[in-house]
Amino acid sequence: MSNLAAHPDESSLLGDVCLQPELHLVPAREVPLGGIRAITVRRTLPDRTLPVVGPWCFLDAFDSEVDAMAVLPHPHTGLQTVTWPLDGEIRHRDSLGSDLVLRPGQLNLMTSGRGIAHSEFSLPATGRLRGLQLWVALPPEAADGAASFDHYDALPAVTGPGFEGMVIMGEFAGVASPARTFSPLVGAELRLTAADTALPLRPDWEYALMVIDGDATSAPAVIEGEATLAPGALLFLGRGREAVSVAGAVGARLLLLGGAPLADDLVMWWNFVGRSHEEILAARDAWESGSDRFGSVDGHDGLRIPAPPMPNVRLTPRRRRGPLAAHPTGGSNPSAG
C-alpha cells in the first residue's frame with residue numbers, strides 16, 4: 001500500500017526510548033488512498049506524538065464493503081511492507097515478477113531493500129475488504145540491500161492463559177514466526193478467550209496494542225487506573241513492562257506490535273524510509289526518471305503513481321522527546337495523509 005498524499009510533508013523519526021511505562025493513545029485518522037471511489041484507510045502510524053513503535057513505522061487499517069483497493073505501481077525504499085488481510089482478497093504484483101492473490105490468514109512480506117515497486121488491487125468479487133498494512137523500517141545494511149518478496153500461506157498459532165492467536169512476525173510467548181525479519185520485533189494477532197488475561201512482554205522492548213474488532217480494556221498493573229481502547233485507535237505501552245493486563249469481551253481481536261527501540265535517525269517521506277534528505281531525494285529522482293532502480297510492474301500498461309513534489313525545506317530528523325503523556329489529545333502527521 002502507498003502513502004498517496006499529494007503533498008506529503010516531512011515525517012522524520014527517531015526511536016528514542018520512552019522509559020516511563022505510561023499509556024499513550026493515538027486516535028486513527030482517515031486517509032483516502034486516491035482515485036475515484038478508492039478505499040479510505042484509518043492510519044495511526046506515523047503520528048506526530050508517536051512516530052514509531054520499535055521498528056514499526058506505519059500502520060493502516062482498511063475496511064470497506066463498497067470501495068475497492070486500486071493502488072497502481074509505486075516505489076518503496078528502506079522498509080518492509082506487511083500486508084495482513086482479515087476479509088477479502090488482494091492481488092499483489094511487484095517488479096520482481098511476483099503475482100499472487102493474498103487471502104485472510106496469509107501474509108505478504110515485501111522487503112524493499114534499496115528499491116522495489118508494487119501494485120495492490122482487490123478482486124472484483126471480494127465483497128467486504130478489511131485488513132491491515134504495516135511498514136517495518138529496515139536497519140542500514142538491509143535498507144541498502146537487495147529487494148525480496150515472501151508469501152506465507154500459514155503462520156504459527158500461539159496460546160496462553162486467556163488468549164490465542166497467530167504470530168505474524170517475530171516472536172511472542174515462546175512462538176516464532178517464519179517471516180523474515182531484520183531486527184528484534186513482534187507482530188501478533190490475538191483473540192481473547194477469557195474476559196481477563198495478561199499478555200507477556202519483554203521489558204526492554206516497547207509495545208502498542210490495537211483492538212481490531214470487539215471491545216477491550218488495557219489495564220497494566222504498574223499504572224493506576226484504566227485506559228479504554230476502542231477499535232481502531234492505537235495504545236502505546238512504552239517500555240519496562242513484563243506483561244500487560246487486558247480485560248474485554250471474549251472473542252475480541254487485538255493487534256500487538258513491539259520491538260527493540262530504534263537507535264537510528266530515520267527520515268520518512270512519501271513511500272521512502274531513509275537516513276538523510278539526500279537519500280530521499282535520490283530515491284524520488286530515480287522513480288521520476290524511470291531508472292531501473294525500482295524496476296517495472298507488469299500488467300498496468302505503463303501506468304504508475306508519480307511522486308509528489310519535494311517540500312521546499314530540507315528533510316531533517318524529528319526526535320521523540322521526553323516521556324509521552326498518558327492521555328494525549330493526539331494529532332496528525334501531515335506526511336502520512
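**Aromatic pairs, a buried serine and an open sheet**

Visitor: How many aromatic pairs does the count come to?
Guide: This is a predicted model, in which local features need pLDDT of at least 70, side-chain atom pairs count only at pLDDT 80 or more, and totals for chains, interfaces and linings use all residues. Residues are numbered from 1 along each chain as its sequence is written, and side-chain values use heavy atoms, with hydrogens and water left out. Rings of Phe, Tyr and Trp (its six-membered ring) pair if their centres lie within 6.5 Å; planes under 30 degrees apart are stacked, over 60 edge-to-face, and the rest tilted. By this rule, the number of aromatic pairs is eight.

Visitor: Are the rings of F58 and W135 stacked or edge-to-face?
Guide: Their centres are 3.9 Å apart. The planes meet at 15°, so the pair is stacked.

Visitor: How many residues apart in sequence are the parts that F58 and W135 tie together?
Guide: Strands here are DSSP runs (E, at least two residues), numbered from the N terminus. F58 lies in strand β5 and W135 in strand β12 (residues 129-137). The pair therefore ties together parts whose separation in sequence is 77 residues.

Visitor: Is W287 buried or exposed?
Guide: Buried means under 20% relative accessible area, exposed over 50%, and partly exposed in between (1.4 Å probe, protein chains only). W287 has a relative accessible area of 2%, so W287 is buried.

Visitor: Which residue has its charged end over the ring of W287?
Guide: A charge sits over a ring if NZ of Lys or CZ of Arg is within 6 Å of the ring centre and within 35 degrees of the ring normal. Here the charged end lies 4.0 Å from the ring centre, and it belongs to R304.

Visitor: Which residues does S64 touch, not counting those up to four places away in sequence?
Guide: S64 lies in strand β5 (residues 56-64) and, at 9% relative accessibility, counts as buried. Contact means heavy atoms within 4.5 Å. With that cut-off, S64 touches I39, G127, R128 and L129.

Visitor: What is the average twist from one strand to the next in the open sheet of four strands?
Guide: Two strands pair if DSSP finds at least two bridges between them; the order here is β6-β11-β8-β9, with antiparallel pairing. β6 (70-76) and β9 (99-102) are the edge strands, each pairing on one side only. Axes are lines fitted to C-alpha atoms, for helices over the stretch in contact, and angles run from 0 to 180 degrees between N-to-C directions. The twist averages 20°.

Visitor: Which residue in β9 stands opposite R93?
Guide: Strand β8 (residues 90-94) and β9 run antiparallel and are joined by four bridges. Opposite R93 stands D99.
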